Amino acid sequence: MDPANVSKRETVAHLLVDAAVWAPSVHNTQPWWFDAHDETVTLHSDTERRLDVADPEGREMLISCGAALFTLRLAVRRLGRLPEVRIAADPDRPGLIADVTLGEPRTATDEELRMYDQVKRRRTHRGAFRAGALPVGLLQSLRAHACAENASLRIVADPRVRVALAALSEAAEQVQCADPAFAAEMARWAPAPCSERLDGVHESAYPRDPGRTDPHFAGRDFARGQGWGLAGDEDGESAGVVGVLTTTGDGREDWLRAGQALQRVLLRATEDDVSAAFHTQALEVPELREFIRTRFCDGTYPQMLMRFGVADERFDSVRRPAAEVVVGEI
Ligand SMILES: Cc1cc2nc3c(=O)[nH]c(=O)nc-3n(C[C@H](O)[C@H](O)[C@H](O)COP(=O)(O)O)c2cc1C
């Protein structure tokens, strides 16, 4: 698509942000806002949407912003331009993440166009997966995509490590649920049914009765004992393939890298109708994260813990529209 053909009402910035908002974000906090000038879109984090209890350093907030940044880059490629990305490092403006400018013309590859087509199709899965193997070559491709963003996707092949990671997720889930501050924060981002909010995890985003898998990875308690969630036939029985996304460092730029790698991996998986379920509770408990880092990640920093598989049901999600998250001309 040639940017010159984009109509005035639907500006280039609108097109880019309209895609970026569909990035995954922790508890669907959508911790971002944008401003647009000429051919540059600037991504900012919205610290009022940070999870102060679960994510006091803003690691997950920046992973979420990284996922939005990758989507912005991909949307620029779809317009047939090269993205020029300048990661901001201004201590006086810590919320400033990056400028993404439309650079020189370069036709998008088929791979980029296929990936872009998944942006609004991709959904987080919660629960069991269908039994059976993933498409041949997919895991190798996912690892290569993570690597291209300077992160690593470590596939957990050892069944004992899978059991240990599942147990650590369960432990973290119990510890968090027992903490009133965690529970209150979760309640803030898991609205009751029929809410018209355009953020948070709604009841159409999780199953009422998640099937148990072996080993069982605890889901988040979005329903809080209220019986909320989508009713459905829980046919799945498999935990799927377990993966940990890691980075060699653990600072702001590493978290942004992790987010870009995450979205790239997820979009590639979606192309093959493979979904991901996330279990990041243990990574929010510093002692457990450190244990996972030293025991299972060769000292690299675990940023996301996830399972990949083919899901029978597709959950829903919501987003604030571009017009609501762009400040300035759009
Ligand atoms: C850093 C991060 C951590 C996440 N952790 C979890 C998690 O522990 N459990 C879960 O069910 N979803 C988790 N998610 C998925 C978000 O809840 C999901 O992206 C959001 O609700 C939007 O839904 P969508 O991905 O279907 O568009 C996480 C996402 C990110 C980016």
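Colleague: Over how many bridges do strand 1 and strand 9 pair in the parallel sense?
Modeller: This is a predicted model in which local features need pLDDT of at least 70 and side-chain atom pairs count only at pLDDT 80 or more, while totals for chains, interfaces and linings use all residues. Residues are numbered from 1 along each chain as its sequence is written, and side-chain values use heavy atoms, with hydrogens and water left out. Asp-35 stands opposite Val-327 in strand 9. Strand 1 (residues 32-37) and strand 9, being DSSP runs of E with at least two residues, pair (at least two DSSP bridges are required) in the parallel sense, and the number of bridges is 2.

Colleague: Which strands stand at the edges of the open sheet of 5 strands?
Modeller: The sheet has mixed pairing and the order 3-4-2-1-9. Each edge strand has a single partner, so one side of each is left without a neighbour in the sheet, and these strands are strand 3 (81-87) and strand 9 (326-327).

Colleague: What angle does the direction of helix 2 make with that of strand 3?
Modeller: Helix 2 (residues 59-78), a DSSP run of H or I with at least four residues, packs on the sheet and touches (heavy atoms within 4.5 Å) strand 1, strand 2, strand 3 and strand 4. Taken between N-to-C directions on a scale from 0 to 180 degrees, its angle with strand 3 is about 155 degrees.

Colleague: Which strands form the edges of the open sheet of 4 strands?
Modeller: That sheet has the order 5-6-8-7 with antiparallel pairing. Its edge strands each pair on one side only, and they are strand 5 (152-155) and strand 7 (275-278).

Colleague: How many bridges join strand 6 to strand 8?
Modeller: Strand 6 (residues 241-247) and strand 8 (residues 301-309) run antiparallel, and Val-241 stands opposite Phe-308 in strand 8. Helix 5 (residues 159-177) lies across both strands, at about 75 degrees to strand 6. The number of bridges is 7.
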